[in-house]
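Reader: I would like to learn how to read a structure like this one. Where should I start?

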Amino acid sequence: MDPAASRPAAPQRALLSSAGRALLWLGPVYLAGYLGLSGSWLLLGLALALGWARNRRGKRERLAAASALLEDEREAVRRGLAARHLPAWVHFPDVERVEWLNKVLEQAWPYFGAIMEKTFKEVVEPKIRAKSVHLKTCTFTKIQFGEKCPRINGVKVYTKEIDRRQVILDLQICYVGDCEIHMDISKFNLGVKGVQLYGTLRVILEPLLTDAPFIGAVTLFFMQKPHLEFNWAGMSNLLDVPGINVMSDSLIQDYIAARLVLPNRITVPLKKNMSIAQLRFPIPHGVIRVHLLEAENLVQKDNFLGAIRGKSDPYALLRLGTVQYRSKTISRDLNPVWNETFEFVVHEVLGQDLEVDLYDADPDKDDFMGSGRSCLACQHRVSFNRNLIPSSNRGVDPYVRIYLLPDRRWTSRKKTSVKKKTLNPQYDEKFEFFESLEEVKKRTLDVAVKNSRPFISQEKKELGKVRIDLSQEDLIKGFTQW
């Protein structure tokens with residue numbers, strides 16, 4: 001073919017593409033006028049389209065940012081990115097880096113992809129077709145697991161605090177995948193093009209045996225609900241429409257939680273005739289009773305016309321595994337008092353946290369106000385993070401002030417060093433209070449995180465606060481009698 005003869009084809013294709021886009025935008029306008037519909041329907045459709053495009057763009061940007069972070073983890077750690085993006089081994093000395101395991105996964109990933117492609121075609125597809133008569137045309141048209149494999153950002157191994165016949169591993173899983181899976185159902189194309197997954201996967205090896213294969217079974221489950229996000233393709237793009245995207249993501253996460261999040265477990269026997277009933281459904285460790293008392297100095301989230309600040313309507317979400325409770329909503333109060341009690345069944349003590357999130361109730365979308373987390377294995381450790389955004393992107397200069405109430409003598413008052421220009425300070429400092437055990441039982445530990453920067457308002461000076469009642473029996477056991 002003569003190259004010169006094909007040159008006009010490019011402008012023609014561009015012209016046809018522009019005409020097609022114009023018809024795509026003008027078509028709904030003409031149809032609305034032809035049917036005599038109100039202009040509000042066009043505005044609603046335009047709002048949905050803009051919201052859909054924004055959600056799609058946001059998902060692509062988050063996927064690209066997470067992928068770039070994994071590409072050069074060392075550079076990201078050196079720059080000191082936000083704490084939620086850094087691997088666990090940076091913050092916790094008992095979490096080990098396992099680069100050798102990541103190299104093994106990277107080498108084996110293409111073979112895993114080939115096995116999964118065969119599994120989807122020979123196992124998953126027939127099962128979907130058998131579910132319903134409307135799914136008999138289901139066909140996977142494209143299955144590619146991509147080049148990016150999951151990473152293990154850190155591993156924590158428990159051996160001393162547990163039964164001698166088991167080994168427990170907590171794997172910090174991070175998967176920012178470029179996988180692409182498409183399926184056709186009755187001429188409709190549905191698909192996924194990119195996945196993000198973050199979570200802590202617990203692996204339990206038990207019972208340990210004296211003969212091959214030396215491990216009786218492997219049990220897998222997530223400690224908490226993992227973060228999961230899909231980048232949809234084909235007709236599945238409709239799931240990114242505002243209003244639908246929240247519901248669809250929630251349904252998918254609930255479906256996974258019902259099978260993979262504690263107390264749900266997957267147990268695979270490695271030895272023949274191994275009974276796994278006790279491993280899949282172990283007896284719970286007990287029940288924890290949580291008293292939700294109050295919060296102080298919350299952030300004003302409500303505003304009018306973007307200028308006049310009002311009060312908030314706070315409520316709390318308490319979560320342990322798949323169980324979640326919501327407190328009552330306190331209207332127009334920045335110092336709410338709930339005084340409510342909730343009970344959770346504890347299936348794992350080591351490594352599991354009680355999560356508390358605070359929200360401001362609004363008619364459209366509830367605003368996030370802050371979060372707290374308490375370790376079940378060490379009830380005296382309490383953390384609280386306020387959702388405050390500094391006035392500049394340079395961060396804040398935080399320090400921690402500690403009072404032993406009700407007395408505020410200088411011997412009962414401690415203060416950490418100031419960490420400059422950071423939202424994620426790490427202090428590693430120790431303080432001692434010389435008090436008798438009888439006196440300590442009457443005291444309350446008041447811990448506040450403050451911003452030491454000058455020329456800031458009093459409202460923004462205190463970043464977070466928590467009070468710990470020292471009369472609790474589990475805390476007294478850890479005190480040293482002088």
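Author: We will go through cores, strands, cysteines and rings in turn. Keep in mind that this is a predicted model.

Reader: Which residues touch the most other members of the largest nonpolar core?

Author: A nonpolar core is a set of buried residues joined through side-chain atoms. Here the largest one has 18 residues, and Phe120, Phe140, Phe145, Tyr175, Val195 and Phe230 touch the most other members. Two or more residues come from each of α5 (99-131), β1 (139-144), β3 (167-185), β4 (188-208) and β6 (227-234). The most come from β3, which gives five residues. Another core, of 17 residues, lies apart from it and includes Leu292 and Ile330.

Reader: Now the strands. Which strands are joined to β14 by bridges?

Author: In a regular strand the side chains alternate between the two faces of the sheet. Strand β14 (residues 353-360) has six of its eight residues buried. Six bridges join β14 to β11 (residues 314-320), and the two run antiparallel; alanine 316 has leucine 358 in β14 as its bridge partner. Eight bridges join β14 to β15 (residues 367-375), also antiparallel, and aspartate 353 has cysteine 375 in β15 as its bridge partner. With six residues between them, β14 and β15 form a hairpin.

Reader: How many disulfides are there?

Author: A disulfide is a covalent bond between the sulfur atoms of two cysteines. In this model the count is zero disulfides.

Reader: Are cysteine 138 and cysteine 174 buried or exposed?

Author: Cysteine 138 counts as buried because its relative accessible area is 0%. Cysteine 174 is also buried, at 3% relative accessibility.

Reader: What about the rings: how many aromatic pairs are there?

Author: Two rings pair when their centres lie within 6.5 Å, and the angle between the planes sets the label. The count comes to 10 aromatic pairs. Tryptophan 109 and tyrosine 175 make a tilted one, 6.0 Å centre to centre with 55° between the planes. Tryptophan 109 is in helix α5 and tyrosine 175 in strand β3, 66 residues apart. Tryptophan 109 is buried because its relative accessibility is 10%, and tyrosine 175 is buried, also at 10%.

Reader: Which charged residue lies over the face of tyrosine 315?

Author: Arginine 326 does, at 3.6 Å from the ring centre. Likewise, the charged end of lysine 415 sits over the ring of tyrosine 399, 4.5 Å from its centre.

Conventions
Residues are numbered from 1 along each chain as its sequence is written. This is a predicted model: local features need pLDDT of at least 70, side-chain atom pairs count only at pLDDT 80 or more; totals for chains, interfaces and linings use all residues. Side-chain values use heavy atoms; hydrogens and water are left out. A nonpolar core is a set of buried Ala, Val, Leu, Ile, Met, Phe, Trp, Tyr and Cys residues joined through side-chain atoms within 4.5 Å. Buried means under 20% relative accessible area, exposed over 50%, partly exposed in between (1.4 Å probe, protein chains only). Helices (H or I, at least four residues) and strands (E, at least two) are DSSP runs, numbered from the N terminus. Two strands pair if DSSP finds at least two bridges between them. A disulfide is a pair of cysteine sulfur atoms within 2.5 Å. Rings of Phe, Tyr and Trp (its six-membered ring) pair if their centres lie within 6.5 Å; planes under 30 degrees apart count as stacked, over 60 as edge-to-face and the rest as tilted. A charge sits over a ring if NZ of Lys or CZ of Arg is within 6 Å of the ring centre and within 35 degrees of the ring normal.
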